[in-house]
Amino acid sequence: MGNVTNENIINLNTAITFEAETFRRIQPEEYLRRYIQQHVRPDGRSFNHFRKTTVNLSCITTADGSSMVRIGNTTVICGIKAEVSEPNVNFPKEGYLVPNVDLSPICSPRFKPGPPSEQAQVLSENLNKLLKNSKVIDLETLCIEEGKAAWVLFADLVCVNYDGNVFDACVIALMSALMNVRLPEAVYEDGIVKATEEKTIILGLIRITYSASFAMFDGQHLLVDPNEMEESITKDGITVVVDETGKLCNIWKTGSSCSSEQLKTCISKARDRYADITSIIEIAKQAIKKIE
Amino acid sequence: MSSRLELIGPQGLRTDGRRFNELRNMNCKPSVLSQADGSAYIEQGNTKCLAAVYGPREARTKAQVLHNRANINVEISLAPFSMEERKKRSKSDKRILEIASAVKQTFEPIIMTELYARSQIDIYLQILQFDGGTVQICINAATLAIIDAGIPMKDYVCACSAGCIDDEPVLDLNHLEESNTPELTVALLPKNDKITLLQMESRLHIDKFQQVMEMAAKGCKEIHTVLDKAVRENIKDLLKKSSI
Amino acid sequence: MNTKNIVTPGQRLGFAQDYVAGPGTYVRGNLLYASVVGMKRVSKQTAEGETLVLTVSREKQQSAIPEVCSLVSKVIRITPKEAVVSIMVVDNSPCKEDFQGIIRQQDVRATERDKVKIHESFRPGDIIRAEVISLGDARSYYLSTAKNELGVIYAQSIEGAAMIPISWQEMQCTKTKAIELRKCAKPF
C-alpha cells in the first residue's frame, strides 16, 4: 500500500459521502487521520490525555489480595491466592510469584473461546519479566522453611472488558493487589505447614512500578493510552515502565522506528503518570480504611 | 462424636444471620460492560457473577448454524481466585459444562430465536467469587444481560434455590448449606408461574418436596421484583442521558 | 419523558384483537405481551387496526444484520468464479462484526453475465456497494452488483493512490493516471 498523501484525501470520490460510523468501518485509518489532523482523537481526548482511571481494592473476599482497575472502559480484575509448595531446588530460600492473564471471550468479540491466545500469553510473560527483573518483591520473604516449604502467590488477572491498553491496567491491578495481600503466619513442623486462621502478614514490596503505554500513528503522532480502535489501527507502540524513584525498569517498543526525542517524551510522561496512579491508589486505600 | 454442623442456631438464625425464608442480600446492575451487546453484574450474598451477551451475530462454525432459528451458546468460567482453594478450572470441566447446558436449555424456549435465523447468540458468564448457588446466579445474570442486549424474550427467567434443614424448608442456600443439605433449584417465569428448570441432586423426602418447591418459587418471585426494579432504573437513567 | 410507559419483557400490554403486534411484542392466547425493554408506543392509523409498536430507546444500537437491501462491503479475495466479501455496513448502520458474502460471476452485472471476468471487476481491498439476493448457503450471503448504482465505490490503485471512476468499467489512478478495470457504481 503506499503512502496516501494529503491530496489524495481531497480527491476521494466526493460524490459519495458516508455517515461517520460507516466511514469508520470502511476506512478506519483515514477516519483516525482526519481527527489527528485536527489535533484531537475520535473519543475527544487530546494526544496526552489518559482516560479516567479508578482502582477498587479488596473486592474479592475469597482471594488473599485483590483489586479491580478501570482505565476508561478497560476493566481488569486481579485476584491473588497463596498456596504452599516446595521451593525450586536451585533457589531453596525463595517462593514464587506467578502471574497469569486471561483474555476471555467475555471481554471483547475479538477473542474466541479456546486455549489462551498469543496476546494473553505475551501479556503474562511480560508481567512475569517485569516482576522478576524489577524485583518487586523479595522472594525470600515468601520462604517458610528453607528447602522445604514456601509460599506460591498465584496472581490471576481476568480482563472483563477490553477497550485497549490492557497492559497498563494489568500492571496497576497486579501492584495494587500485591499491596493488598494478607498472608497467615506459617510454621513448618514435621513435614506439615501449619498456618494461623488470622491473616495478618502484609507483603512488603521493595519496588512499585507502573507503566504507561503509547501508540504511534503515521510515524509521528504519539497517542497516550490508546483505546481499542486506535490500538487495532496503529500496530506501533511503546510501553515504558518506571518505579517510584523515576528509574526506568522496562521498555517495550514494537513496530516502526521512532526518534530518541520521542522516547524521551514517553519516559517523562510515564513519570508523570506514575504520580497520578499513586494518588489514585491512595484514594482507594482510604476508601477501604473507611469501611474497616 | 458429633460432627454435625450447626446450620440453624438456637434462635432459628442461619450461619449468616438470616431467617429460614430470607433471600441473601442481592445487588444487581445491568449495562456494566461497553464491549458486549448486553451485560449485567449480580451479587447474591457472597457470590458474584458477571454476564456478557454477544449477539445475534454470525455463527462461528458452520456446523452450529440452524436454518430457522438462532443458536444459543453458553459458556461459564470460574475465576481461579473465586473459590477458597485456588483451582484452575478448565473450561471443559464436566460440572461447569453441565451447568452451562442447563442454562442453555432454560433459555432456548424463552428467547425468541425464530427472529434471528442462522445467527448465534453467545452468553458468557464469569463467576468472580463463589459462595454457592451457581446455577441460580448464572440464570439471573443471563436474564439481565439478555434484556440489556435488547434480544426479545417471552418473560424474565428468575431462579432460586431452596433446601431442607432440620425438616424445615429454607430459602437460598450458601455454599456451606448446600454441601450439607438437599438442594433444589427452580427457575420460573414470574408472569404465569411456569417452571422452566428444576434441578435436585440429593435425597429429599417426598412429603417435603412440595413445601420446598413452593418456597423456591416464592423466592423466584422476590428475585423478579429486584431484577425488574434494576432494569427500570437503568432504562430511566439511559432516557435521562439521551434527553439531555 | 413519561417513565410510566416503560415496559419490561413479559409485561401485559393489552388484548390481541385491539392491536396489531409490532416489533418488540408477541401474542400468546388472546393477550399481547412485551418482549424487550423500552417505551410503549401506539401508532394510530386512520383505517382500522392500530399498530402497537415497541421501540427500545437506547444509545446502543443493535448490530445490523444483512437483509434484502443495499449494503457496503469490502472484497477479501477473488477466484475466477466469485468474489468473497466481508459485509461491514447494512443500510447505513454498521455491523459490529463482519459477515461473509459471495458475489458469483453471474451476479456481477446484468448484461453479458457469462462473459464476466472477476479480476476485471473487483480486486481485494475494494469497497463495494452490493445487494443481498439470498441468505445463501451455510457459509455466506449471496450478493449482487447487477445494477447501475451498485459496484465499486472506492478502490486503491497498485501504487496505493485512490482511484476515480471514469466509466462503468474503468477507474483511473489519481497519481499515475493509469487506468484499471473495475465494475464501478454510478456516483450519486
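Visitor: How many salt bridges are there over all chains?
Guide: This is a predicted model. A pair counts when a side-chain nitrogen of Lys or Arg lies within 4 Å of a carboxyl oxygen of Asp or Glu. Over all chains, the count comes to 31 salt bridges.

Visitor: Which residue meets B:D228 in a salt bridge, and where do the two lie?
Guide: The partner is B:R232, at 3.2 Å from N to O. Both residues lie in helix α4 of chain B, residues 206–243. They are four residues apart, about one turn of the helix. An α-helix has 3.6 residues a turn, so residues three or four places apart point the same way. The pair is thus B:D228 with B:R232, in helix α4 of chain B.

Visitor: Is B:D228 buried or partly exposed?
Guide: The cut-off for buried is under 20% relative accessible area. B:R232 has 23%, so B:R232 counts as partly exposed. B:D228 has 16%, so B:D228 counts as buried.

Visitor: Which residues of chain A are linked in a network of salt bridges?
Guide: Helix α3 of chain A covers residues 28–37. Its buried residues include A:E30 and A:R33, and both of these belong to the network. The members are A:E29, A:E30, A:R33, A:R34 and A:D218.

Visitor: Which residue with a positive phi follows α3(A)?
Guide: The helix α3 of chain A spans residues 28–37. After α3(A) comes a residue with phi near 60°, A:H39.

Visitor: What share of the residues in chain A is buried?
Guide: Chain A has seven helices and 12 strands. Its C-alpha trace spans about 85 × 40 × 35 Å along the principal axes. Of its 292 residues, the buried share is 50%.

Visitor: How much of the accessible surface of chain A belongs to carbon and sulfur atoms?
Guide: The accessible surface comes to about 13800 Å². Carbon and sulfur atoms hold 51%.

Visitor: How far apart are the mean positions of the positive and negative charges of chain A?
Guide: Chain A has 31 positive and 38 negative charges.

Visitor: Which residues form a negative surface patch in chain A?
Guide: A patch residue needs over 30% relative accessible area and no salt bridge. A:E145, in strand β5 (residues 143–145) of chain A, is partly exposed at 33%. The patch is A:D138, A:E140, A:E145 and A:E146.

Visitor: Which residues is C:K74 in contact with, leaving aside its neighbours within four places in sequence?
Guide: C:K74 sits in strand β8 of chain C, residues 70–78. At 32% relative accessibility, C:K74 is partly exposed. Its contacts are C:V84, C:V85, C:S86, C:M88, C:G125, C:D126 and C:I127.

Visitor: How far apart in space are C:K74 and C:Y154?
Guide: In sequence, the two are 80 residues apart. From C-alpha to C-alpha, the distance in space is 9.6 Å.

Visitor: Is B:S119 buried or exposed, and which residues is it in contact with beyond four places in sequence?
Guide: B:S119 is found in strand β5 of chain B, residues 119–129. Its relative accessibility is 6%, so B:S119 counts as buried. The contacts are B:P56, B:R57, B:R69, B:A70 and B:N71.

Definitions and conventions. Residues are numbered from 1 along each chain as its sequence is written. Chains are lettered from A and ligands numbered from 1 in the order in which they are written. This is a predicted model: local features need pLDDT of at least 70, side-chain atom pairs count only at pLDDT 80 or more; totals for chains, interfaces and linings use all residues. Side-chain values use heavy atoms; hydrogens and water are left out. Buried means under 20% relative accessible area, exposed over 50%, partly exposed in between (1.4 Å probe, protein chains only). Accessible areas come from the Shrake-Rupley method with a 1.4 Å probe; for residues, only the protein chains shown count as cover. Lys and Arg count as positive and Asp and Glu as negative; His and the chain ends are not counted. The place of a charge is taken as NZ of Lys, CZ of Arg, CG of Asp or CD of Glu. Patches are made of residues with over 30% relative accessible area and no salt bridge: like charges are joined within 9 Å, nonpolar side chains (Val, Leu, Ile, Met, Phe, Trp, Tyr) within 5 Å. Contact means heavy atoms within 4.5 Å.
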